[in-house]
Structures are given as structure tokens and as C-alpha cells.
Amino acid sequence: MREIHVDEIIQSVKEMCMSANYNLGKDVMDAFNCAREKEESPIGKGILDNLIKNANIAKDNQVPMCQDTGMAVVFVEVGQDVHITGGLITDAINEGVRRGYTEGYLRKSVVKDPLIRENTKDNTPAVIYYDMVPGDKVKITVAPKGFGSENMSKTKMLKPSDGMKGVIDFVVDAVSQAGPNPCPPIVVGVGIGGTIDKACNMAKRALLRPIGEASSKEHIKEIEEILIEKINNLGIGPQGLGGRTTALTVNVETFPTHIAGLPVAVNINCHASRHEERVI
Amino acid sequence: MKKITTPLTEEKLKDIKAGDTVYITGTIYTGRDAAHGRLIESLNKGEELPFDVKDQIIYYVGPAPAKPGAVIGSAGPTTSYRMDDLTVPLLKLGLNGMIGKGSRSDEVIEGMKEYGAIYFAAIGGAGALIADSIKEVEIVAYEDLGPEAIRKLRVEDFPVIAVIDSEGNNVYKTERAKYEK
């Protein structure tokens, strides 16, 4: 059994919190450049120029691209032949978040209690999901999630008879209602199936899929194509000031479900679609 | 493109129309969710506000901490609708400008028309770019709120777009309609 000390996990999570906030992924930068060429709205084009400029300043100066450096969402795949030593893995992840947000001058946005609302001052706790997988490695993905977009997310339990049309209408309506609020151009994550919580989890995971990589399932790829077209025809555009670029991509994930149900969740990410992964 | 210097008097705000790109120079105040809650609480108790809002601009922002040597960390706008229920009492006191992102309620737009105010959008997420136009920062109230404390900013050519003007013209609606298919 391979041993991994928690210190290695702390260090990796710390570095990923900082790096994900400073460096926008190449897939998003490429999508900005591509959208800029196609954008018909002069205001929209100008905004895309500024978003590219902003991402470059953040990278060059190693400062956060957005002041909302998010709540840390961490996905962990633990190989079942790994033994974690030196402490609890959850404590180690939270310690990594604590150090990353403090040493990296990132904004601490987490409150201790949703109603009393006292800031924890170190951005912990993180929201952590574990999966057991084969092998002797640990894969950690850190995805800082801003709440301008998180607040615009929606979930609904559709009827089986609502089918593909029901899913499409619900997703497009959620984006239409969100309008300028989630900082378009957005990345749309959709989870279909499972239970209500499974659908939400899939929608969040769908945000991690690189822009430009379609679903491997033919009928889901078709839904993704219909959705991106309908969403970009809403006219919302960059920052909601009109234009063709409302979403950069729509990623749909699915899971088997019950004969009586059709759960759907839409998780929206702003243009700063941040995430970083490491295998230890 | 228009340039204005604060204070944003009634005369100046009448010159700005929805759709204008505006560069702001002078003093603006920050304030978001929790700070707005406290301002309104003070008003309800009949207390004085920590700064005079008349002819001022409030920027809905919770900046990231400043790195050593920097004036401020990333400082882009937060979503404005969360302040909607707490805005009209400030407009009544003479607040003339707001900077944020995203749509506003009908109640706020009516208030803007009645008392004369303009709503600007800064580019959401462009916090690193916007921070460049902020030259000085001073905390004026509610320090315990951390990123939500009220700060006085001295800005130079702070870039915004007027999205809803004092006549209620709304670029979010008119521009979106142009590109809707």
C-alpha cells in the first residue's frame, strides 16, 4: 500500500488555490479569442477585449483575476491502494485552503453559519467530494466557485414525459432569467438524472470539462449543441450588454435515474471558469 | 466616451445617458450586502450615517486583500440585485450614483427616476484590470466586516458603462433585444 503524507496534500491544495485564481485556463483564453472574432456587438467585442486584458494582468502580476476568489470546491479521487498518513485528509485539504487564501492574498468569502453570517476569516471550510477509484494515487481538483454565478443556478424535478424538450426549455429559461447577473460569457454545467443531489453534483462536475470537449454520448452531444445555439440566440451577450456570446460552452453530464423522475440541475459559472488538478 | 469628476451632482448626472462609456475620477465609496444592512439599520434608528451620501457614488465591491506594495487587491463589481431592497432609502438621501453589475428591480429604477440617480456597470470579473484605476484606499466604517467594510476610494479614469439612466432607459433591455433571435 502506497503512503501519502498529509503535508503533500496541504502543499498541493495551497498552491492550486492560488494558481487557479491567478491563471485562467488556456481553453477559456482560446474561447475568448474565438468569441471576440465572431462577436457582432461592438460593446460585446470591447468587453471581451477587456476580459482578455484582465486575464493577462492577473497572470503577469500573479493576482486574482476576480475579487470573488470563491468558495473552494474540491474534488478528490482516492485510489483504494493509498494510505494517508499524518492526519485526516479532510483536515489537510482545509489547511491547504487556509494557507492558500491567506498567503495568496485571496478574498476570504466564507461565513461560519448561513444565518448568523460571521466570516471564518480563512475561507474554510471547503466543499469536498470524495470518490474511491482503483490505483495508488490521489487526484485533487480545486475549483474556486464565485457566487455571482452560483446564485443563478437552478434545479428542477421534471416529469419523465417532459423529456428532452423539457430539459432544454428549463436550461435555456434558467440562463435567460440569469441575464447579466452571472458575468457572461458563462460556462453552463448541466446534470440530468440520478437524484436531486446527484444532478446538482453532476452539474458542478460538468463545469470542469474543458471547453471544446463534447459529451461522448451522441444524444447528449446533440443536446449540448442545441443548448449552446439557443442560449447564444438569447442576445444577452458579454456582461449582459447585448451580443452573440452569452455562453462559451454547455457541458451536460448524465446518470441513470428512477422510472418516476427526471431531475435536472443547471450550475452556472462566470467567464472566469477556474479549476486546477494534480495527481499525487 | 464621457469623463466625470465626483461629486456627481444632479447637473452632471443629467448629461449621462444609458449606453455612455464613462470614466470617473475622484472619490467613490464601497459598500455591499452587510454594509448596506448596517446603513439601513442606522437610518431606521435615526442615527447619522458614517458618510454623507449626497451626490456620492457607491461601488458594490468587496475587494481582495492588497498584496504588499499594492493599494488594493482585485476589485471588480459584485451583483447588484442583492442591494435592491436597501437602495431607495439612500437615493432619498441624495445618493446619485451606483456601480455594480447585473439588473435592478423595478422599485430601484422608479426610485432612480424619482430622486435622480444613475446606475453604472463595471465589468464583472475584471477585478485585476479595474484595480489599476484605484489610487488610494481608506476604510471609513465597519472595519470588522473585512472585505465588506465601507472604503473611500480615490479613483482615476475608473471605467464604467451607464446602463440605467435617471430617465429609466435600460441598456440591458435595449441591447439584448437587438441581438435576440
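How many residues from chain B and from chain A does the contact take? In this predicted model, the contact takes 37 residues from chain B and 42 from chain A, where contact means heavy atoms within 4.5 Å. Residues are numbered from 1 along each chain as its sequence is written, and chains are lettered from A in the order in which they are written. Local features need pLDDT of at least 70, and side-chain atom pairs count only at pLDDT 80 or more, while totals for chains, interfaces and linings use all residues; side-chain values use heavy atoms, without hydrogens and water.

**The interface between the chains**

- The size of an interface is often given as the accessible area lost when the parts come together.
- Chain B and chain A bury about 3200 Å² between them, and carbon and sulfur atoms give 58% of this area; buried area is the accessible area (1.4 Å probe) that two parts lose on being put together, summed over both.
- Lys67(B), Arg176(B) and Tyr179(B) supply 22% of the area that chain B buries against chain A, more than any other three residues.
- There are zero salt bridges between chain B and chain A (a salt bridge is a side-chain nitrogen of Lys or Arg within 4 Å of a carboxyl oxygen of Asp or Glu).
- On the side of chain B that touches chain A, α5 (127-131), β7 (150-164) and α6 (171-179) of chain B each give two or more residues; helices (H or I, at least four residues) and strands (E, at least two) are DSSP runs, numbered from the N terminus.
- The largest share of that side, five residues, comes from α6(B).
- The residues of that side divide into 19 nonpolar, nine polar and nine charged; Ala, Val, Leu, Ile, Met, Phe, Trp, Tyr, Cys and Pro count as nonpolar, Asp, Glu, Lys and Arg as charged, and the others, Gly among them, as polar.

**The largest cavity**

- The whole structure holds three cavities of 30 Å³ or more; on a 1 Å grid over the protein atoms alone, a cavity is a set of points where a 1.4 Å probe fits but cannot get out, and lining residues have an atom within 4 Å of a point.
- The largest cavity has about 70 Å³ of space, a volume being the space filled by probe spheres set on the grid points, which are joined across faces, edges and corners.
- Strand β5 (residues 138-145) of chain A gives the largest share of the lining of this cavity, three residues.
- Among the lining residues are Val73(A), Pro144(A) and His275(A).

Terms used:
On a 1 Å grid over the protein atoms alone, a cavity is a set of points where a 1.4 Å probe fits but cannot get out, and a pocket is an open set with protein on both sides within 12 Å along at least five of seven lines; lining residues have an atom within 4 Å of a point.
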